[in-house]
Amino acid sequence: MGESSDSVSVDIDIVSFGGKECMVRTSKGSVSVFICGDQEKPALITYPDVALNYMSCFQGLFFCPDATSLLLHNFCIYHIDAPGHEVGADVISSDAPLPSVDDLADQVAEVLDFFGLKEVLCLGVTAGAYILTLFAMKYTERVLGLILVSPICKAPSWTEWLYNKVLLNLLYFYGMCGVLKECLLQRYFSKELRCGMHGAESDIIHTFRRVLDERQSLNVMRYLQAINARHDLTEGLKKLQCKTLIFVGESSEFHAESVYMSARMGRKSCALVEVQACGSLVTEEHPDAMLIPIEFFLMGFGYYRQQHFASSSSNGSNPTSPSCHSCMAPELFSPESLGIKLKPIKTRVDIEI
């Protein structure tokens with residue numbers, strides 16, 4: 001681990017399933033980081049959406065059978081939760097300044113500094129995707145690539161701003177009430193999943209209702225307030241040097257903005273995968289549809305599945321080398337390559353070789 005500065009310290013609790021949870025105190029406030037894997041490996045950091053933590057936002061993806069050979073084989077995962085969103089979190093003091101989106105992005109940089117991480121790959125969902133995109137803009141040299149799920153990049157429209165204000169009032173006066181949970185579930189999931197078969201709720205919806213009950217309402221307010229005051233990132237998108245893979249569900253509230261973001265990021269670096277019959281939280285609703293696109297994306301950096309390790313080594317290449325920046329071949333993103341044995345997906349890619 002890196003040396004602690006005056007503004008950063010850490011408390012560590014060992015978690016039973018092989019990782020460790022750290023409470024890192026930064027100049028922007030405390031933040032929980034769950035570390036999974038060998039810290040000698042290259043780093044992949046994650047950031048969740050509003051009212052979710054790393055478990056509720058990413059467990060569907062990371063618990064997929066093929067995820068271990070692809071992700072944990074190549075990376076140490078640093079799951080960064082939004083302040084006060086970790087399991088068992090206390091209410092953040094009302095005396096603590098409200099964070100801005102820039103504060104949250106700078107906090108990510110402080111976490112990386114503490115662990116001595118120079119370059120990372122990033123995986124974020126919606127609000128978390130915004131924070132990591134902003135982080136990539138502010139700390140360009142530290143981000144090798146972005147994997148963004150239903151990302152947002154514009155300032156909120158008046159409609160979204162007013163809608164979020166209603167949610168903030170519900171949080172303040174009523175806490176995590178039934179109406180608020182319905183609004184958040186609509187944000188995360190497609191109508192097909194929310195309604196279920198024959199009108200019966202699915203297990204995942206039951207689970208998420210319980211997960212939302214565990215959140216501290218005032219802490220969720222702080223994250224939502226920061227996102228509702230976000231600024232437009234459009235002008236900086238083309239300046240991003242890192243390659244980017246965007247997933248979005250076709251039923252997502254943020255589908256149009258994700259397509260817009262992909263178009264604005266430039267032809268050399270961005271690929272878009274649209275997952276049918278899916279909401280914003282692709283990592284939980286259809287995580288299997290993410291694995292093959294991620295695999296091809298990571299090949300461009302020299303990362304391969306575990307079963308390719310021997311052949312890669314015999315050819316003199318290092319499958320965990322972060323210095324490989326070869327371009328992604330467009331044929332890797334053809335529907336034929338991506339759609340086999342997966343939920344129906346569409347891809348949009350224009351990459352110059």
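Tutor: Start with a definition: a residue is buried under 20% relative accessible area, exposed over 50%, and partly exposed in between. Keep in mind that this is a predicted model.

Student: What makes tyrosine 172 exposed?

Tutor: Its relative accessible area is 55%. The cut-off for exposed is over 50%. So tyrosine 172 counts as exposed.

Student: Where does tyrosine 172 lie?

Tutor: Tyrosine 172 lies in helix H5. It also belongs to a nonpolar surface patch with Val91, Phe173, Tyr174 and Leu218. Together these residues have about 600 Å² of accessible area.

Student: Which helix gives the most to the nonpolar patch?

Tutor: Helix H5, residues 158-174, with three residues.

Student: How are two packed helices described?

Tutor: By the angle between their axes and the distance between the axes. Take H5 and helix H9, residues 217-228: their axes come within 9 Å and cross at roughly 165°.

Student: Why is H5 called roughly antiparallel to H9?

Tutor: Angles over 145 degrees count as roughly antiparallel. The crossing angle is roughly 165°. That makes H5 roughly antiparallel to H9. The crossing is left-handed.

Student: What makes the contact of lysine 28 and aspartate 103 a salt bridge?

Tutor: The N to O distance between their side chains is 3.6 Å. The cut-off is within 4 Å, so the pair qualifies. Lysine 28 sits in the loop between strands S2 and S3, and aspartate 103 in helix H3, so the pair ties together parts that are 75 residues apart in sequence.

Student: How do you know that lysine 28 and aspartate 103 are partly exposed?

Tutor: Lysine 28 has a relative accessible area of 36%. Aspartate 103 has 22%.

Student: What ties helix H5 to the loop between H9 and helix H10?

Tutor: A salt bridge between glutamate 160 and arginine 230, with the closest N and O atoms 2.9 Å apart. Glutamate 160 lies in H5 and arginine 230 in that loop, so the pair ties together parts that are 70 residues apart in sequence.

Student: Are glutamate 160 and arginine 230 buried or exposed?

Tutor: Glutamate 160 has a relative accessible area of 17%. Arginine 230 has 3%. Buried means under 20%, so each residue counts as buried.

Student: How many salt bridges are found in the whole structure?

Tutor: A search finds 11. One of them joins arginine 209 and glutamate 201, at 2.4 Å between the closest N and O atoms. Salt bridges that share partners also join Asp102, Asp106 and Lys138 into one network.

Student: What stands out about the phi of alanine 51?

Tutor: Most residues other than glycine have a negative phi. Alanine 51 has a positive phi, near 75°. Alanine 51 lies in the loop between strand S4 and helix H1. Serine 150 also has a positive phi, near 45°. Serine 150 is in the loop between strand S7 and H5.

Student: How do you know that alanine 51 is buried?

Tutor: Its relative accessibility is 0%. Buried means under 20%, so alanine 51 counts as buried. Serine 150 is buried too, with a relative accessible area of 0%.

Methods
Residues are numbered from 1 along each chain as its sequence is written. This is a predicted model: local features need pLDDT of at least 70, side-chain atom pairs count only at pLDDT 80 or more; totals for chains, interfaces and linings use all residues. Side-chain values use heavy atoms; hydrogens and water are left out. Patches are made of residues with over 30% relative accessible area and no salt bridge: like charges are joined within 9 Å, nonpolar side chains (Val, Leu, Ile, Met, Phe, Trp, Tyr) within 5 Å. Accessible areas come from the Shrake-Rupley method with a 1.4 Å probe; for residues, only the protein chains shown count as cover. Helices (H or I, at least four residues) and strands (E, at least two) are DSSP runs, numbered from the N terminus. Buried means under 20% relative accessible area, exposed over 50%, partly exposed in between (1.4 Å probe, protein chains only). Axes are lines fitted to C-alpha atoms, for helices over the stretch in contact, and angles run from 0 to 180 degrees between N-to-C directions. Angles under 35 degrees count as roughly parallel, over 145 as roughly antiparallel, 65 to 115 as roughly perpendicular and the rest as oblique. A crossing is left-handed if the near helix is turned anticlockwise from the far one by less than a right angle, and right-handed if clockwise.
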